Protein chains: 2
Amino acid sequence: MKKRANLRDVAQRAGVSVATVSRVMNTPARVSPDTRNRVEAAMSDLRFTPSAAARAINTGRTQTVAALLPTLANSTFARFADGLEARLGAFGLSLVVATTGEDPEVELARARQMLNIGAEAIIVTGASQSADFRAFVERHMVPTVSVSLFQQDAWLPTIGYDNQKAVLLALDHLMQLGHHKIAVVHGPHGHNDRTRIRLEALKQAEVAANGALTFRYFEAPFSVQGGSEAAARLLAQRGDETAVLAFTDVLAGGVIHRLHSLGLKVPQDFSVVGMEDLPSSASLYPPLTTVHLPVRRMGEQAAEALAQWLDNGIRPDHQELPIELAARSSSVARQT
Amino acid sequence: MKKRANLRDVAQRAGVSVATVSRVMNTPARVSPDTRNRVEAAMSDLRFTPSAAARAINTGRTQTVAALLPTLANSTFARFADGLEARLGAFGLSLVVATTGEDPEVELARARQMLNIGAEAIIVTGASQSADFRAFVERHMVPTVSVSLFQQDAWLPTIGYDNQKAVLLALDHLMQLGHHKIAVVHGPHGHNDRTRIRLEALKQAEVAANGALTFRYFEAPFSVQGGSEAAARLLAQRGDETAVLAFTDVLAGGVIHRLHSLGLKVPQDFSVVGMEDLPSSASLYPPLTTVHLPVRRMGEQAAEALAQWLDNGIRPDHQELPIELAARSSSVARQT
DNA sequence: CTGAAAGCGCTAACAA
DNA sequence: TTGTTAGCGCTTTCAG
């Protein structure tokens, strides 16, 4: 068994120097067509595959960027990754993804792994990483940006939307429709600062409304199933809520599903509003009113920010992405 | 500005040799606790970050695997990637993803890029890559597997489900319910062999039924919008179809949505069956009857197959994943 | 347990 | 246009 051919083997077979072979790969214009052909022939004869590692050690670049995401099994993160990857590709960069399950320890371990394989930059979700994670990033001075939120005072450059605005957009919509007793369905917030920010915004609004607004909170796993269970709990101990505000469309979908199967109607019995705007949300039954979050665009902007950072060494600014309410049929004026 | 510290710098500062520093990183047990501490101190003093490239050039491994997917903005591929990534991680491997948009030229270009950054293995979708792609893989002898179908005579090891069985599962279900005039909604099949296989299976069934079964085919883009347009065309020139068989749940969702908005009822006016079983399909209205395809599991198995291939050099066998019909409420017996 | 030294495969001056 | 050569940063024998 013979090992992989290297530059020397190719050079020898083509009767040229290694430098020439290298030039054929990198600056073919500077090699005479004649020798170039000989070299290329030798390459394919020997099934030559250049070593990425050897190249990287010389150029100092791996052309690789890492994204640390809670999961890919969620349309929002997947579409983000899709936009990110597409745009990175335009800069000649490749995307390596690692999922963390929103576990800070895993997140740190994955970040380590990403540097071990040569990632030049990192993208993380949210801005509330562990102190260890922060120390890690600072120690290795690896360009890192945070996505899914926009927060001027975050420790990393953030590229995302204002989660407070987002939830208030949904809330205002419901209030304008006359709803003031609202069930809030949200995911676990232990390690999720987007959820925390949204909850906080709601609590402030409740206080500011001075009694004119009341919420009942239901925490559930981030899944259709979770939303469904939350709705079950809501009805098991039914209050006088007339609307449901879910922090994600997936949860909203679960809520609606359970409401239907318990014989209730949306929006007649409950107005339901989500957040995210999944591609499928417009074709739910009824079409879901939700806050549109431009996640694909977020991926593209993150790609550009990172590509430039790697290029010119200048840390990017925070970037806020516009959000808007997508009013559809799952919400109507309160029945009086 | 001083450049990144390397092994020599660390060795010098700790008063040891580079070999010792290397051991601290790779086989810490073989270094006395005392010197180990000195070395670690030196490392953090100098903010030492080992060079992945240098390591890779010596070990000959990059611990990186590439997946070439049509897109990530589709729950099925995203969940596949999620399972793949999670399982690869267990083997210490990282996943780099590249999207191809189902364009063979892009696919080849991306494969090149993946080798350029050092991917040790490649995962592709389907088994009908271009001749150039095939030549590329063979020339570089990079371990490559194909997913989303199971096909014994494919040029690559395939890990997936039998698409013929899958579509027949859906068809049999409809036939058992008494439907024999069926609208088939499918995506473009130019570069998609899974779609071609399914169409072929249907055509054979039609012939075999000898007149007792008729299909009308509607091609549409792989999106909710596409499904919706297909339904519009179906109704614009309405035949006597009583059921719709869609090749993906996304298309089925679009069909149902349009049917509803045109005042028709599912399943009363049309039974609708999909294929995929997205997490959201069970909470559509009505819950969608569909063929369950275990895509996450497929990702896990692909990861294992590749990890072993890289480990022992033995090309894996084809692997068939089980599929089953998920009968829900969108399909009922034909109204007579 | 530790060190010296020989590469790994390639790029990039610098020469010719 | 082409060749020579000195590394890049690390791992890994082989000695001690």
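In UniProt, an unreviewed entry lists residues 5–59 of chain A as "domain: HTH lacI-type". UniProt positions are given in the numbering used here, feature names are shortened, and annotations may be inferred rather than shown by experiment.

Before going further, keep in mind that this is a predicted model, in which local features need pLDDT of at least 70, side-chain atom pairs count only at pLDDT 80 or more, and totals for chains, interfaces and linings use all residues. Residues are numbered from 1 along each chain as its sequence is written, chains are lettered from A and ligands numbered from 1 in the order in which they are written, and side-chain values use heavy atoms, with hydrogens and water left out.

Now look at two helices of chain A. Helix α2 (residues 18–26) of chain A packs against helix α3 (residues 33–45) of chain A at an angle of about 90°, and their axes are 10 Å apart. The pair α2(A) and α3(A) is therefore roughly perpendicular, a label for angles of 65 to 115 degrees, while those under 35 are roughly parallel, those over 145 roughly antiparallel and the rest oblique. Axes are lines fitted to C-alpha atoms, for helices over the stretch in contact, and angles run from 0 to 180 degrees between N-to-C directions. Which residues make the contact? From α2(A) come A:Thr20, A:Val21, A:Val24 and A:Met25, and from α3(A) come A:Arg36, A:Val39, A:Glu40 and A:Met43. Contact means heavy atoms within 4.5 Å.

Next, hop over to chain B. B:Val10 sits in helix α1 (residues 7–14) of chain B. Is B:Val10 buried or exposed? With a relative accessible area of 0%, B:Val10 is buried; buried means under 20%, exposed over 50% and partly exposed in between (1.4 Å probe, protein chains only). Leaving out residues up to four places away in sequence, B:Val10 touches B:Val21, B:Val39, B:Ala42, B:Met43, B:Leu46 and B:Phe48.

Some backbone details deserve a look too. In chain A, a cis peptide bond joins A:Tyr285 and A:Pro286, with omega about -5°, and A:Pro286 lies in the loop between β9 (271–276) and β10 (289–292) of chain A. In chain B, the peptide bond from B:Val266 to B:Pro267 is cis, with omega near 10°. A:Arg47, in the loop between α3 and α4 (52–59) of chain A, has a positive phi near 50° although the residue is not glycine. A:Arg47 counts as partly exposed, at 36% relative accessibility.

Two copies of a chain are related by a rotation about an axis and a shift along it.

Technical notes. Helices (H or I, at least four residues) and strands (E, at least two) are DSSP runs, numbered from the N terminus.
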